[in-house]
Amino acid sequence: MNRNKWFILLTGLLIGAFAAILVKMGNPGNMGFCIACFERDIAGTLGLHRAGVVQYMRPEIIGLILGAMFTAMFSGEFKARGGSATLVRFIMGMFMMIGALVFLGCPLRDILRMAGGDYNAVVGFLGFIAGVGGGVYFLKNGFNLGRAEYSHSNVGGYLLPIIFAFFLFLLLKGTIFNPEAGGPLFFSAEGPGSMAAPIGISLGVGLLVGFMAQRTRLCLSGGIRDFILIRDNYLLIGFLGIFVGALVLNIVFGFFKPGFAEQPIAHSMHIWNFLGLFLVGLTATLLGGCPLRQLILSGEGDMDAAAVVVGMIVGAAFCHNFMLAASPAGVGNYGQIACIIGIIVMTWIGFSYREA
Amino acid sequence: MNKLDVRGLSCPVPVLRTKKAIDDGATELLIMGSSQVSKENVSKLAASQGFKVNIKVDHKDLWEMEIKK
């Protein structure tokens, strides 16, 4: 193994360990980090959906974006760029969120759930691999969303990080604009949204992981994709590191409970666990990166990735307002329909954007 | 020498285009790209396929490399 591979292994181990520590310090079970869940909580705290149990301005997300931004600025990689089918990416972000909330987690949380002994996550993982495989099929047939252009101004690249910095200010300041109705931020009194590690720790971990993920280009769909496509295991090593890091500390903290039943924020509808992450894997591969990677890229000035992030937050609002999101009781009819529609739409996009 | 322009294409398309050119029999190729990630990935692929990689232009937002068997 060369130096880069050791570094991404270390990155993975640390992310896994941090995730378990964040749960120990208050985050919901097997949810030390979950990009989809936390973006959903952010949609809730902004009042974009009315699910009272999942509303919190997660500092981990803010830290990831800002950490990636500072790292990219110091390494000279920060460059505003965009214009590659931006609206299509926004819509794909919405569907990626639907898939994640049918499963109840992004690929990162899938690893953390497996490391917590949640067998439902293994079913989801198989779906994820199949979804990435589907995306690879389209890539091999010439799929791409078109070229992005570097912008002559960097302002566009700073917009999303500035918005999240403003959200951090609102969280820290705690000002109430409307004393009668609450807001600008809404906070859960109970449920997963009320469970959180202290702000400073969450933010610090987010910044550090943002730094490491930017340097290593860590991407969970990319790990499987590169292995299928070119037998390259670099990104997969990071994947493995997260699993091992979380597994070890989960055992130490007594969080490891193997089985299908009674898992934290999970359901056992196998077909929907499979299809939910199938949709995420397929969409992430067509987008060029998993939800975590999209956050990191948006910190580097990638405005197309920022459109995916905003699409995911808006998608989360639709998920709860339209009753698409799963709960520990399972996936409702509307969620099942939306997941199937998502797979059909991604297949359509996959075929349509082929280029000889 | 054949040219391959992968500027502005997101991962993993630059790697795939390079691989396709190599699979089609190219032994010499001039590749132009824009992101640091694609530079790393394309040179890694070329090296793994037994090519010599010579980076001719190396800016943060533009690179050119020659690969030769």
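The structure holds 17 salt bridges over all chains, a salt bridge being a side-chain nitrogen of Lys or Arg within 4 Å of a carboxyl oxygen of Asp or Glu. Side chains of opposite charge can pair when their charged atoms come close. Before we go on, keep in mind that this is a predicted model, where local features need pLDDT of at least 70, side-chain atom pairs count only at pLDDT 80 or more, and totals for chains, interfaces and linings use all residues. Residues are numbered from 1 along each chain as its sequence is written, chains are lettered from A and ligands numbered from 1 in the order in which they are written, and side-chain values use heavy atoms, with hydrogens and water left out.

Let's start inside chain A. Arg40(A) and Asp41(A) pair up through their side chains in a salt bridge, 3.0 Å from N to O. Arg40(A) counts as buried because its relative accessibility is 6% (buried means under 20% relative accessible area, exposed over 50%, partly exposed in between, with a 1.4 Å probe and protein chains only). Asp41(A) is buried too, at 0%.

Now look at where the two chains meet. The contact (heavy atoms within 4.5 Å) takes 21 residues from chain A and 22 residues from chain B. About 1700 Å² is buried between the chains, and carbon and sulfur atoms give 56% of that; buried area here is the accessible area (1.4 Å probe) that two parts lose on being put together, summed over both. On the chain B side, Pro12(B), Leu16(B) and Lys60(B) lose the most area to chain A, together 25% of what that side buries.

What about charges across this boundary? Between chain B and chain A there are 4 salt bridges. One of them links Arg147(A) to Asp5(B), at 3.5 Å from N to O. Asp5(B) also has a partner within chain B: Arg7(B) forms a salt bridge with Asp5(B), with the closest N and O atoms 3.0 Å apart. Arg7(B) is partly exposed, with a relative accessible area of 36%, and Asp5(B) counts as partly exposed at 26%.

Another pair to find is Glu40(B) and Arg217(A), whose side chains meet in a salt bridge at 2.7 Å, N to O. Glu40(B) lies in helix 2 of chain B and Arg217(A) in the loop between helix 8 (199-216) and helix 9 (220-230) of chain A, so the pair joins two chains. (Helices are DSSP runs of H or I, at least four residues, and strands are runs of E, at least two, numbered from the N terminus.) Glu40(B) is partly exposed at 35% relative accessibility, while Arg217(A) is buried at 6%.

Stay with Arg217(A) for a moment. Its side chain also makes a polar contact of 3.1 Å with that of Glu77(A); a polar contact is a pair of N or O atoms within 3.5 Å, where within protein one must be able to donate a hydrogen and the other to accept it, and residues adjacent in sequence count only if both atoms are side-chain atoms. Leaving aside neighbours within four places in sequence, the residues in contact with Arg217(A) include Leu235(A), Arg293(A), Gln36(B) and Val37(B). Across the whole boundary, 7 residue pairs are in polar contact between chain B and chain A, both residues at pLDDT 80 or more.
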